[in-house]
Amino acid sequence: MDEVEWMPRQPEDLRVGLISWAGSYLTFETYKNTVTATAKGLGQRQTWEILVSNKHDTQAVVRLRSLQGFYLLCEADGSLCYGWPRTSHHGCFLIHFHRSGKWTLQCIISGCYLESDGQDVVCTSRTLSAHHMWTPRPALHVHVILYSPLNHCYARADPTTGQVCVDAPVPCLKECGFLLHFQDGCHHLETSAHTFLSHLDGLVSQPSTQTAFHMHVRPGGLVALSDGEGGMLYPQGTRLLLSLGSGPHGGEEWLILQHCPTWISLRSKTEKFLSVVYDVEVCAASEHVTPTSLFQFECDNKSPTLQLRSANGCYLAQRRHRTVMADGHQLESETFFRMHWNCGRIILQSPSGCFLGIAANGLLVASASMPGPNEEFGIQLANRPFLALRGRYGYVGTSSQHDLLQCNVDQPDCIHLLPCRQGIYHFQAPGGSFWSITPFGTFRPWGKFALNFRIELQGSNLLTVLAPNGFYMRSDRSGTLLADSRDITKECVWEF
């Protein structure tokens with residue numbers, strides 16, 4: 001079978017936070033039917049979908065929609081509210097993309113610019129000033145991948161050379177994942193080895209002004225990074241080294257920013273990893289993880305069905321004689337498997353109703369009417385040496401005001417994963433200590449002994465955590481991270 005070119009998922013509508021000149025975010029005020037700019041962090045009420053109706057190189061006609069489904073509307077007196085557009089142009093803004101990376105939003109009807117005084121937001125002036133400038137901050141999860149549509153490859157940190165190259169055809173390696181830190185209006189790119197991309201083309205151990213990049217954001221998930229002094233980051237040379245330069249051609253500087261996908265490995269009861277052999281056959285043959293034993297975990301959190309995409313670009317699919325092959329395509333019904341969990345191990349049920357297991361010859365087949373040990377697979381995150389967890393109220397991390405772990409911080413703390421056994425991990429804090437749990441179901445990041453946490457995947461980038469006390473870990477409106485839920489609720493599901 002010919003190899004299928006790996007293509008990235010179609011980017012969703014752009015979601016951003018808009019930061020005013022005063023450093024505060026454009027905020028949807030739920031109970032006041034108004035919009036302000038008072039919040040100091042990016043949360044759900046500060047996140048806006050940018051819906052594009054027309055765009056050019058330096059501008060686009062858009063509507064802004066809150067996550068609650070309401071549109072930002074400019075009224076005749078210049079006040080701002082939210083609701084539903086009354087005419088075809090009501091709620092439409094012309095975004096101007098400025099060389100600094102900032103945006104201005106001009107009401108299509110009045111010609112006035114959206115502005116903030118640091119608290120209130122109005123649209124009354126046609127004379128452009130600094131108060132009309134807004135900094136877009138992508139609202140997607142901070143663990144990201146960068147894809148070059150011009151080179152058809154992903155950025156990859158090379159630990160041997162200490163540089164970043166845009167040369168990975170498939171984003172299945174942990175080196176393809178980056179943490180996107182936002183600080184003082186700039187972004188810092190941190191690698192999976194916790195080094196930072198610098199202006200000098202190399203990787204350094206600490207963030208500084210030399211690792212701060214200005215981000216230019218466009219609809220469609222496109223971003224470009226600059227040093228603020230005319231230099232743009234783009235792939236250069238035969239090795240496609242991601243470095244600063246002044247002469248990108250043909251859109252070389254534009255990269256597609258996407259949430260880091262989840263890649264897994266599956267291990268049978270005989271401790272052999274599932275691998276794709278002879279291009280399409282799937283068998284349990286390898287004692288070690290190889291690129292052919294990695295699968296992208298694709299799952300809609302609204303459905304218990306799962307698709308597994310191999311590194312050859314195709315999906316696992318049930319074929320004739322109950323065999324499972326790696327030759328399926330995204331929309332084929334035979335590629336959807338129902339997933340069940342049993343003590344951290346995953347059970348896969350084919351569209352025919354049979355369960356996947358390993359035949360005597362080692363091939364993956366769908367033949368069992370009831371699942372047993374042969375139909376249970378150990379699952380391990382393959383490209384995630386750490387987790388950055390985001391819940392309903394923010395990220396999980398430490399705060400200088402609290403000694404307990406919080407679930408509402410703006411920037412996450414990395415949770416280093418130490419695999420223990422199937423589905424079980426030890427959670428390690430950045431300083432090398434372990435997570436500990438109190439009798440009240442709260443957590444501290446400076447424990448001396450490793451505890452067992454069970455991870456179960458609930459979606460493409462969603463998981464639940466069963467804590468050592470037997471309860472599910474959840475976010476709480478108070479901001480304190482808790483493990484006190486017997487059932488899986490919305491507050492127990494974490495984006496990672």
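Trainee: Hi! What should I know about the model before we start?

Mentor: It is predicted, so local features need pLDDT of at least 70 and side-chain atom pairs count only at pLDDT 80 or more, while totals for chains, interfaces and linings use all residues. Residues are numbered from 1 along each chain as its sequence is written, and side-chain values use heavy atoms, with hydrogens and water left out.

Trainee: Great. How much space lies in the second largest pocket?

Mentor: About 640 Å³. A pocket here is an open set of points on a 1 Å grid over the protein atoms alone where a 1.4 Å probe fits, with protein on both sides within 12 Å along at least five of seven lines. The volume is the space filled by probe spheres set on the points, which are joined across faces, edges and corners.

Trainee: Which strands supply at least two residues each?

Mentor: Strand 20 (214-218) and strand 21 (222-226). Strands are DSSP runs of E, at least two residues, numbered from the N terminus.

Trainee: Switching to strand 1: how many of its residues are buried?

Mentor: Five of the six in 14-19. Buried means under 20% relative accessible area with a 1.4 Å probe, protein chains only.

Trainee: Which strands does it pair with?

Mentor: Strand 1 runs antiparallel to strand 4 (residues 48-55), over three bridges, and to strand 12 (residues 135-138), over four. Pairing takes at least two DSSP bridges. Arg15 has Glu49 of strand 4 as bridge partner, and Ile19 has Thr135 of strand 12.

Trainee: Last topic! How many aromatic pairs are there?

Mentor: The whole structure has 11. Phe97 and Trp103 form an edge-to-face one, 5.7 Å centre to centre with 70° between the planes. Rings of Phe, Tyr and Trp (its six-membered ring) pair with centres within 6.5 Å, and planes over 60 degrees apart count as edge-to-face.

Trainee: Are Phe97 and Trp103 buried or exposed?

Mentor: Both are buried.

Notes
1 Å grid on protein atoms, 1.4 Å probe; cavity = no way out; pocket = protein on both sides within 12 Å on 5 of 7 lines; lining within 4 Å. Buried < 20%, exposed > 50% of the residue type's maximum accessible area, 1.4 Å probe, protein only. Phe/Tyr/Trp six-rings, centres within 6.5 Å; stacked < 30°, edge-to-face > 60°.
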